[in-house]
Amino acid sequence: MPFIRTIPPHEATGTVAELYEQDRQSTGFVPNHTRSLSLRPEAVKAFRALTKAIKANMDPRRFELATLAAARALRSSYCMLSHSTFLKRMNAHDEKELTAIAKDYRSAGLSDADVAVMAFAEQLTVDACEIKQSHIDDLRAHGLSDEEILDVGLTAALRNFYSKLLDAVGAQADPAYHE
């Protein structure tokens, strides 16, 4: 249960009802992250629009790996569970591979480029002030363009915002993500 009041689905009207219906259509249920922010539906819509804008230019798997790296660095079990589920549903990784990535992505059998992406997302999350030109050069050496590097940075920063907010209001991972 979140720390703040939420709008239950049966009481939702207007924009909140629309958001809940979008969730039902895409996931089959109303996730706790939407309910936890239901008092500010316009912020939820803005977050979704920003997410869509970032993902529009990215490989979906890369988006999820960068998200996992940031969520892992934040110790966000909610985001780790939900985005691992997305990777599993995309058939990008099986349960064993996802467990290895969650424990230590550097030794999980990922490509060097994937490890570099995750390391950059992790560094941005842990201490962005310590990012140096060498970090960017490493990503370029693994074939990422400046636009792709920016996309990874946007993804990690987005996860920092959302995960910290969900933790602050007490949102708990949905049972569907524990499967």
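**View A. F47 is a buried residue of helix 3.**
In this predicted model, F47 has a relative accessibility of 12% and therefore counts as buried (under 20% relative accessible area; exposed is over 50% and partly exposed lies in between, with a 1.4 Å probe and protein chains only). Helix 3 spans residues 41–55; helices are DSSP runs of H or I with at least four residues, numbered from the N terminus. Apart from neighbours within four places in sequence, F47 is in contact with L158, R159, F161 and Y162 (contact: heavy atoms within 4.5 Å). F47 and L158 are 111 residues apart along the chain, and their C-alpha atoms are separated by 8.6 Å.

**View B. The side chains of D23 and R48 form a polar contact.**
The distance is 2.6 Å; a polar contact is a pair of N or O atoms within 3.5 Å, where within protein one must be able to donate a hydrogen and the other to accept it, and residues adjacent in sequence count only if both atoms are side-chain atoms. D23 belongs to helix 1, residues 14–27, and is buried at 5% relative accessible area. Not counting residues up to four places away in sequence, D23 touches G28, F29, V30, P31, T34 and R48.

**Notes.**
Residues are numbered from 1 along each chain as its sequence is written, and side-chain values use heavy atoms, with hydrogens and water left out. Local features need pLDDT of at least 70, side-chain atom pairs count only at pLDDT 80 or more, and totals for chains, interfaces and linings use all residues.

Technical notes. Helices (H or I, at least four residues) and strands (E, at least two) are DSSP runs, numbered from the N terminus.
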